[in-house]
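Please find below a colleague's note on side-chain contacts and surface features. The points are numbered so that each may be checked against the coordinates.

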Amino acid sequence: MAKLGYSFLLVLTAFIWGSTFVAQAEGNSAGPFVFTCIRNFIGSAFLVLVFKFLDVIHKSVRRPANAAERKHLWKAGTLCGLALFFGMNFQQFGMSLGTSAGKSGFLTACYIILVPVLSIFLGKKNSLRIWVCVLLTLVGLFLLCVKGDFSVEISDGVLLLCALAFSVQILMVDRYVGEVDPVRLSCIQFFVCAVLTLIPMFAIDLKFSAPVIAHAVDVYSQWDAWIPLLYAAILSTGVAFTLQIIAQDKIKPTIASLLMSLESVFAVLSGWAVLGERFTVREAVGCCLMMVAIIFAQLHSSNKSS
């Protein structure tokens, strides 16, 4: 496949991730934690099929060959899954509090800025350029989130915590992905996230109440409730991750990061096209500033690998 084809795969990946915000906004009927838990169990099961198929055709990368390697794989997957648990659940909970799909996409995209900032604690220095990107993002967030009374909505703060958690998850994946099978790593992290989400699902969404549990079962007895769930579980969790791996094997990190940053743009476009959401001029300017900062931050942070 020509490089243009691999670039298209990354654009498709960004589209799936961005449009998933609409599915998440539509998938809170039984509670945000119910949605996240089921989504991750399905996604994990889907990736089991993926790596089993890769095993059969002898295309698995760094398949564990002994008990020590399997232990290391599960350690990596558990740490990544713990960070993913906070990221996904903060994201879904923030959207359930009322943050729009497009706005959620941009706030979540702050992980692209936070990753190089958090890298300072790992002993990596950042140039003046990255701090300019941080400043642009802060201005963009101000225009996007802060209302006339200079207050920030609770849901916006929750989504910023989501971005922080995803930043940690990205750094964890970066730490281990070169040592273990990436598809198995993703499968385990989604499984760990799903298991951990059982706790808030039963305690908060279902309240350990038989009538509430019966209501959730009734919700998912309807096909309409499964459409956004399966979209998020199979396409976002399974397909998009697989496309990302295939494409990034051939595309330079700088170009790949730029293409995947289109996730935020697709989140806005999906919210506009499917949910009928509208942004004010102030919010649009904030989004543009954040996108500029995201692109320049990615150009900077990719230098190491390019």
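The points below take up salt bridges, aromatic rings, a surface patch and backbone angles.

1. Basis of the note. This is a predicted model, in which local features need pLDDT of at least 70, side-chain atom pairs count only at pLDDT 80 or more, and totals for chains, interfaces and linings use all residues. Residues are numbered from 1 along each chain as its sequence is written, and side-chain values use heavy atoms, with hydrogens and water left out.

2. Salt bridges. Side chains of opposite charge can pair when their charged atoms come close. A salt bridge here is a side-chain nitrogen of Lys or Arg within 4 Å of a carboxyl oxygen of Asp or Glu. The search of the whole structure returns 4 salt bridges. D55, R63, D181 and R184 are joined in a network of such bridges.

3. Residues are called buried under 20% relative accessible area, exposed over 50% and partly exposed in between (1.4 Å probe, protein chains only). Accessible areas come from the Shrake-Rupley method with a 1.4 Å probe; for residues, only the protein chains shown count as cover. D181 is buried at 2%, as is R184 at 9%. D55 is buried too, with 11%, whereas R63 is partly exposed with 49%.

4. The contacts of R175. R175 forms a salt bridge with E179, with the closest N and O atoms 2.8 Å apart. The charged end of R175 also sits over the ring of Y176, 4.5 Å from the ring centre. For that description, NZ of Lys or CZ of Arg must be within 6 Å of the ring centre and within 35 degrees of the ring normal. R175 is partly exposed at 44% relative accessibility, and E179 is partly exposed at 40%.

5. Aromatic pairs. Rings of Phe, Tyr and Trp (its six-membered ring) pair if their centres lie within 6.5 Å; planes under 30 degrees apart count as stacked, over 60 as edge-to-face and the rest as tilted. The whole structure contains 7 aromatic pairs. F202 and F208 are stacked, at 6.3 Å centre to centre with 20° between the planes. Y220 and W226 are edge-to-face, at 5.6 Å and 70°. Of these residues, F202 is partly exposed at 30%, F208 is exposed at 63%, Y220 is buried at 12% and W226 is partly exposed at 25%. Elsewhere, ring pairs link F41, W74 and F191 into a cluster.

6. Nonpolar surface patch. I120, F121, L128, W131 and V132 make a nonpolar surface patch of about 570 Å². Patches are made of residues with over 30% relative accessible area and no salt bridge; like charges are joined within 9 Å and nonpolar side chains (Val, Leu, Ile, Met, Phe, Trp, Tyr) within 5 Å. W131 lies in helix α6 (residues 128-145) and is partly exposed at 39%. Helices (H or I, at least four residues) are DSSP runs, numbered from the N terminus.

7. Backbone angles. F208, found in the loop between α8 and α9, has a positive phi of about 50° although it is not a glycine.

Terms used
Helices (H or I, at least four residues) and strands (E, at least two) are DSSP runs, numbered from the N terminus.
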